[in-house]
Protein chains: 2
Amino acid sequence: MNRTAVEPSPRLLPKTIKTLFEPGQIMAAQVPKELCRQTLGMINIDPLQTGGRLPRQSREVLLEWADGYSVCDFCAGRLDEISNPPISAFVHGDLPKFIGMDEARVTNGARESKFAVMHSMTKPGDTIVVDANAHYSTYVAAERAGLKVALVPNSGSPGYLIDPEGYAAAIEKDKPALAVLTWPDGSYGNLTDARAVSRICAEYQVPLLLNGAYAVGRMPVNGSDVGCAFLAGSGHKSMASSGPVGVLGVAKEFAGRVLRRSERFKNKEVELLGCTARGATVMTMIASFPHVAARVRNWEDEVSKARWFSACMEELGIVQLGQKPHNHDLLFLEAEPLFEISKKAKDGRYFLYKELKARRIHGIKPGLTKHFKLSTYGVSREDLKLVIEAFQDILRAN
Amino acid sequence: MNRTAVEPSPRLLPKTIKTLFEPGQIMAAQVPKELCRQTLGMINIDPLQTGGRLPRQSREVLLEWADGYSVCDFCAGRLDEISNPPISAFVHGDLPKFIGMDEARVTNGARESKFAVMHSMTKPGDTIVVDANAHYSTYVAAERAGLKVALVPNSGSPGYLIDPEGYAAAIEKDKPALAVLTWPDGSYGNLTDARAVSRICAEYQVPLLLNGAYAVGRMPVNGSDVGCAFLAGSGHKSMASSGPVGVLGVAKEFAGRVLRRSERFKNKEVELLGCTARGATVMTMIASFPHVAARVRNWEDEVSKARWFSACMEELGIVQLGQKPHNHDLLFLEAEPLFEISKKAKDGRYFLYKELKARRIHGIKPGLTKHFKLSTYGVSREDLKLVIEAFQDILRAN
């Protein structure tokens with residue numbers, strides 16, 4: 001054969017990686033060890049994971065719908081209109097009400113929601129204005145859509161605050177097609193005044209996309225109150241769902257554009273490629289919904305728990321960066337004392353990870369000691385006490 | 001607030017849909033009836049579903065990784081490079097070997113694979129050449145990418161065959177940026193001579209995307225043997241995986257373009273938005289892989305079973321359209337006798353669906369009688385005999 005190379009060959013991963021299975025291998029009756037999850041049963045403070053744990057009942061629902069395309073048993077052509085299982089009632093009833101947006105859809109994740117908005121609201125070469133604390137996937141979605149990104153700066157250490165007025169300056173300078181606010185950002189857990197940003201965007205008639213991947217499903221969020229045109233949420237990060245799955249809220253003014261139908265296939269939404277989370281993922285989101293709707297009402301308690309945890313860590317000489325007092329369970333910590341220990345520790349910068357692992361605590365990235373993130377969301381005060389005592393121990397013993 | 005409408009308001013779904021849950025509702029300990037799957041335990045001949053059923057062990061693995069972002073326990077930044085669980089070995093070892101492509105990735109589904117290829121290999125306004133039997137999601141992906149679609153016609157009833165030479169004619173006329181062959185198509189289950197199409201595309205230096213959503217995981221497929229530049233597969237349709245999840249194979253000449261990295265985030269692949277099937281879905285694909293790799297070796301038996309079933313149906317006056325003898329488990333049937341019955345039946349065009357449901361047979365779309373699709377894949381001869389007897393019964397009694 002004689003394919004045309006339209007691009008130079010990339011630097012591919014070296015092919016030294018072994019295959020997982022031998023040819024002809026039939027799996028044993030037991031789940032093989034390498035497909036078991038090693039962190040189950042540990043105290044989990046991983047920021048990616050604390051809001052994504054399934055309540056027991058959703059695990060049963062997951063099994064019920066485990067097979068591929070199971071939710072399509074009675075589909076008449078579009079995922080969000082399936083009435084058995086009751087996806088339609090959820091997507092057009094519970095979900096828009098819960099997030100306070102005119103229209104809602106289930107997507108494959110917050111990044112897919114963001115790309116769908118960017119791709120339909122802009123054209124290649126346009127500029128979008130984004131807060132400097134944005135998640136990498138916001139940049140990558142913009143890059144995929146061929147957009148330039150203009151940043152609203154943060155205040156730098158220790159607060160990394162976003163001044164809403166920064167949006168006015170950036171919008172005046174860059175005439176963006178869209179503004180994005182990460183609310184809260186995934187690093188510092190800062191909750192910028194979203195209404196102030198929204199008012200500024202409205203003044204300049206720039207639609208605002210609120211990335212609520214760490215908000216929707218953890219804390220009360222009402223997109224209409226904020227005044228955003230679009231709201232992205234993450235099922236696996238914050239809605240107790242098996243991933244990948246997310247949500248997209250759209251104000252009615254923009255629904256015709258972002259949720260436009262195919263010219264040839266009149267009931268298919270183009271940006272969603274017809275259907276998105278067409279499997280068990282959406283069923284866990286539905287099954288977890290009563291749990292999620294209930295837990296957002298405990299948000300004040302989650303915040304006071306995060307503040308208490310932060311204060312305990314500060315007593316150990318570990319400083320919390322970002323907003324203070326803090327308003328979210330995502331905590332970014334600066335730990336000079338641990339960094340000092342790592343310089344002399346046998347395991348070097350991996351010592352902290354190993355010390356915590358030995359104490360059955362999971363969630364701080366291997367190799368980090370000076371700066372790391374964690375989340376207290378849904379972790380009991382008893383378990384958090386064990387985490388604090390672990391840090392105490394580690395500091396004392398090293 | 002004062003958002004700018006950039007598009008006229010769309011015709012939204014009427015808001016008469018009730019919510020699924022009451023405010024404050026806590027779910028009962030038992031899975032509520034409306035979240036149970038009604039078709040479990042039935043004989044399933046749904047073309048969407050026969051290749052997506054999970055083997056028992058994958059259901060256990062699914063539970064192990066049920067929580068949101070569980071697979072990211074030890075992620076260093078990219079899904080396909082995670083070594084615990086062994087996603088890296090699967091994506092870079094087993095998978096490219098299995099599909100015979102230089103590079104492979106796991107995606108959110110075949111349609112997402114197709115869009116990633118179209119979006120990176122073309123620019124808006126370009127034309128792509130597509131077989132007339134293509135799945136709707138090929139058109140919608142092309143529409144999302146701003147492409148014109150030129151069709152290679154089929155031969156019409158009864159064969160709906162695609163002549164590979166049609167690609168030469170379409171390419172000469174339309175100078176496409178990409179060609180797509182649906183292999184097999186999801187309606188008739190026709191397997192066009194893909195090598196012939198590939199040779200023609202190579203002659204004109206047009207890269208070929210093979211949509212193997214109903215091939216990869218059911219039957220032996222080797223992209224290099226075919227000579228395609230890209231191969232899309234579906235986990236939930238044909239790889240015994242919990243959806244949504246798919247695969248994308250890429251020839252090395254095009255990997256630098258389709259799998260290009262972000263300029264700002266050097267290890268993130270732009271078309272995949274950094275990561276794709278970042279959840280339990282990829283784990284079921286891995287867990288099912290030995291089962292899937294074994295079953296493709298039984299393909300000849302699957303084909304002979306489909307032919308036998310087709311012949312039995314023809315004896316009842318139900319005619320199989322598409323290739324004959326048939327080479328795939330997807331069967332498109334034309335059933336004049338059932339259509340005649342439906343004109344007088346109490347339940348009208350729903351009579352067939354209800355008759356089959358009463359016999360615990362699932363998979364033919366409600367409301368269809370004259371033309372319908374089914375699949376014999378992985379269904380035992382004993383169960384298929386019950387299906388044939390059911391049709392016999394229904395024809396006799398009405």
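Me: What is the angle at which α3(A) and α4(A) pack, and how far apart are their axes?

Reply: α3(A) and α4(A) pack at an angle of about 35 degrees, with their axes 9 Å apart; such axes are lines fitted to C-alpha atoms, for helices over the stretch in contact, and angles run from 0 to 180 degrees between N-to-C directions. The names follow DSSP runs, numbered from the N terminus, in which a helix is H or I over at least four residues and a strand is E over at least two. This is a predicted model, in which local features need pLDDT of at least 70, side-chain atom pairs count only at pLDDT 80 or more, and totals for chains, interfaces and linings use all residues. Residues are numbered from 1 along each chain as its sequence is written, while chains are lettered from A and ligands numbered from 1 in the order in which they are written.

Me: Which residues make the contact between α3(A) and α4(A)?

Reply: From α3(A), R111(A), K114(A), F115(A) and M118(A) meet S137(A), T138(A), A141(A), A142(A) and R144(A) of α4(A), where contact is called when C-beta atoms, placed from the backbone, lie within 7 Å. These residues divide into four nonpolar, two polar and three charged, counting Ala, Val, Leu, Ile, Met, Phe, Trp, Tyr, Cys and Pro as nonpolar, Asp, Glu, Lys and Arg as charged, and the others, Gly among them, as polar. In chain B, the axes of α3 (residues 110-121) and α4 (residues 136-144) come within 9 Å and cross at roughly 35 degrees, and α3(B) passes α4(B) in a right-handed crossing.

Me: What makes β2 and β4 of chain A edge strands?

Reply: The open sheet to which they belong has seven strands in the order β2-β8-β7-β6-β5-β3-β4 (chain A), with mixed pairing, and strands count as paired if DSSP finds at least two bridges between them. β2 (103-107) and β4 (148-152) of chain A each have a single partner strand, so one side of each is left without a neighbour in the sheet. From one strand to the next, the twist averages 20 degrees.

Me: How do you know that β3 and β4 of chain A are paired?

Reply: Five bridges join β3 (residues 127-131) of chain A to β4(A) in the parallel sense, and as the definition asks for at least two bridges, the two strands count as a pair. Within this pair, D131(A) stands opposite V152(A).

Me: Which strands form the three-stranded sheet of chain A, and in what order?

Reply: That open sheet has the order β9-β10-β12 (chain A), with antiparallel pairing. β9 (319-321) and β12 (371-375) of chain A each have a single partner strand, so both stand at the edges with one side lacking a neighbour in the sheet. Here the twist averages 40 degrees from one strand to the next. Strand β10 (residues 330-334) of chain A is joined to β12(A) by five bridges, one of the paired positions being L333(A) with F372(A). Helix α11 (residues 299-315) of chain A lies across β9 and β10 of chain A, at about 135 degrees to β9(A).

Me: What makes the relation between chain A and chain B that of a two-fold axis?

Reply: A rotation of 180 degrees, with 0.0 Å of shift along its axis, superposes chain A on chain B with an RMSD of 0.0 Å, and that is the relation of a two-fold axis. The superposition is by least squares on the C-alpha atoms of residues with pLDDT of at least 70 in both copies.

Me: How do you know that the two copies meet through the same surface?

Reply: 100% of the interface residues of chain A are also interface residues in chain B, so the copies meet through the same surface. In all, 108 residues of chain A are in contact with 109 residues of chain B, and α10(A) supplies the largest share of the chain A side, eight residues. That side divides into 52 nonpolar, 29 polar and 27 charged residues.

Conventions. A crossing is left-handed if the near helix is turned anticlockwise from the far one by less than a right angle, and right-handed if clockwise.
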